[in-house]
Each structure stands twice: as structure tokens, then as C-alpha cells.
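Visitor: Please take a close look at one helix here. How does its length check out, and what lies around it along the chain?

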Amino acid sequence: MDRISTASAYASVLTNLMQAEVAQTDAGNQLASTEQATDLQGYGGGAEALTALQSTTTQVTGYLNNTQNVAAKLSTQDSALTEVASAATSASTAITQALAANSGTTLMSSLQDALSSAVDGLNTTYNGEYLFSGGQVTTPATSATTLADLTAAPSVGSLFNNDQRVTSTQLDSNTSISTGVLASDVGSPLFSALQAIEAYNQGPNGPLSGTLTSTQATFLSGQIANLDDVVAQNGLAQSEVTSVQSSLTSQQTMLQGLVGNVTDANLAQASTNLQQAQLSIEAAGQVFQALNNSSLLSSLGAVPALA
């Protein structure tokens, strides 16, 4: 009977010891990872909801990362468009000053500077790709460099190397916007005005290099209105991207909070559980040792005394 009782006691102690070790491991893992479990199985009935939340969070994070990339590209694009717009403004200012002074002495050199600045803007790259070339991202948007190039070309359109592909970006599941701008759309008004002025300069009413005649002044006045820019178009795209970014960031924060409600461990409780598990292991060890000692004494008592 004693042997049966002792064996039963051993089994009970071993069971308690194993349970305490499992509890110690679980509590230790929670404290180390700050999560309730290391796999979906550990979340039981909440696993399905957790999987859905994590999937949605991954999708939102992907969209958010994409908008951040788009915002960076639009920022570079905006700087380039501003450079083109500034070139148009400079050209308009040069004409206005020439008209005010009734002199074209520095007009053509100023217009050449404006063209060079515009070309630099149109040939801007982002991550090694030309921004305004449409789908021809490895080809400069324009090859024109001088005012003479404008008049030598068969048409203004032939001065641009872009195709007609306009980049469209999916910002979130419901919003897609056009973020691409083509060099031919941006530069044609400026190039047309500069081409006309250069042709006039080379023609029978030129050159525009000294005191302006009334005919020359009338012609130049008519070109000011053609010096347009398209910076506002890019500004609208930037505004929409910023708005979507803000919405996605809010969604991401909310979803991360919901996931945390499911996965985050109660660290105070985990610490308590760890201490209790450690105490249980120590107690089980002491009981186990006591059983060993008791079993040894029983065995010695059963040995016959020597004569």
C-alpha cells in the first residue's frame, strides 16, 4: 500500500512540476515578447479576428508606404515644375523690362537663360528616371538646349521626347489619382513663345538687339500671355496625397491598437504568473526530495538486521 501511495504521490508531484514549468515558460515568453502567444494557436478563438486585423493592417501599411513614396516623388516634381514656371516668369519679366526700356539689348540672352532653366527642370530625374518623359523614363524629356534649336525643329511637339503615358497611382482602396505630368504639356506654351520670338528675331523685323520699333514692341507684348505654367496641377495632386496619407495614418494607428488589444500581454499579470510558477517549481522540488527521503527510509526499514 505504501508503495502505491508513494508512486501516486510521485506522479502527482511530476504533473504539478510539468505544469509549473509550462506556466513559467509561457510567462517568460510573454515578458520577453510582450505578446500573449508566439503563434495563432495560442490565441484560441481570437485567432480568426487577429488574422483579419493583421491582413487589413498590412494592406493599409502598404498603401501608406506607397503614398510616402508618391509624396517624395511629387515634391521633386513640384520643384522641377517650379523651375519651369520660374523660367516662364523670367522670360515674361525680360520682355516686360525690354518694353519698359524700349530696348532689346539683353532680351535674347535673358530668354536663352530662361530656356536653359526650363530645360533643366523638364529633364529632372527621380530615382534615376526622367519625371516628365511619360513611359520613356530613360530618355530626357527634351533635347533642346538653345533658342536656335527651337526654330530649327519642324514643330514644337518634335522638341519633346515623351510619349503620352501619364502615371496613375492607387493611393488607397478607393482613391486613384494621376500623378504624372508630360513635358510636352508643361513646356509647349513656353517653347512656343520662345520659338516665335527667336523666329521673329531671325526674320525681316529683327534683330531684337537695340531700340525696339513699335512693330517689335507690339509683337513682344502679344507673347507675354503665352508664358503659362502648370504648377497648380501638381499642387492639387500633392494636396490629395497629403489628405490620403493623413487618413491612412489614422487607420493604421487604429488597427495597430486593435491588434494590440488581442496580442499584447498583461505584463504585470505575466510577472505575477512567473513568480507563482517559480514558487510552484521550488515547492514541487522540495516535495519530490521529501518523497525520495521517505522512500529511502522505508527501504532501509525493510532490510533485516544482521546477527
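Guide: The expected span of a helix is 1.5 Å times one less than its number of residues. Apply that to helix H3, residues 107-122, in this predicted model. H3 has 16 residues, so it should span 22 Å. Its end C-alpha atoms lie 23 Å apart, which agrees.

Buried means under 20% relative accessible area.

Now the loops. Most residues other than glycine have a negative phi, and most peptide bonds are trans. Asn 102 has a positive phi of about 55° and is not a glycine. Asn 102 sits in the loop between helix H2 (47-101) and H3. Its relative accessible area is 35%, so Asn 102 counts as partly exposed.

Asn 127 is another non-glycine residue with a positive phi, near 55°. Its place is the loop between strand S1 (125-126) and strand S2 (129-130). Asn 127 has a relative accessible area of 68%, so it is exposed.

Further along, look at the loop between H5 and H6, where Pro 207 is found. The peptide bond from Gly 206 to Pro 207 is cis. Its omega is near -5°.

Helix H5 (residues 183-202) and helix H6 (residues 214-223) have axes 10 Å apart, at an angle of about 170°. Angles over 145 degrees count as roughly antiparallel, so H5 is roughly antiparallel to H6. The crossing of H5 past H6 is right-handed. From H5, the contact takes in Ala 193, Ala 196, Ile 197 and Tyr 200. From H6, it takes in Thr 215, Gln 216, Phe 219, Leu 220 and Gln 223. Six of the residues in this contact are nonpolar, three are polar and none is charged.

Last, the whole chain. The protein chain has eight helices and four strands. From the N terminus, the elements run α-α-α-β-β-α-β-β-α-α-α-α. Of its 307 residues, 33% count as buried. Among contacts with a separation of 6 or more, 73% join residues 24 or more positions apart.

Conventions. Residues numbered from 1 in each chain as written. Predicted model: local features only at pLDDT ≥ 70, side-chain atom pairs only at ≥ 80, totals over all residues. Heavy atoms only, no water. Helix = DSSP H or I, 4+ residues; strand = E, 2+ residues; numbered from the N terminus. Axes fitted to C-alpha atoms, helices over the stretch in contact; angles between N-to-C directions. Parallel < 35°, antiparallel > 145°, perpendicular 65-115°, else oblique. Left-handed = near helix turned anticlockwise from the far one by under 90°. Contact = heavy atoms within 4.5 Å. Nonpolar A, V, L, I, M, F, W, Y, C, P; charged D, E, K, R; others polar. Buried < 20%, exposed > 50% of the residue type's maximum accessible area, 1.4 Å probe, protein only.
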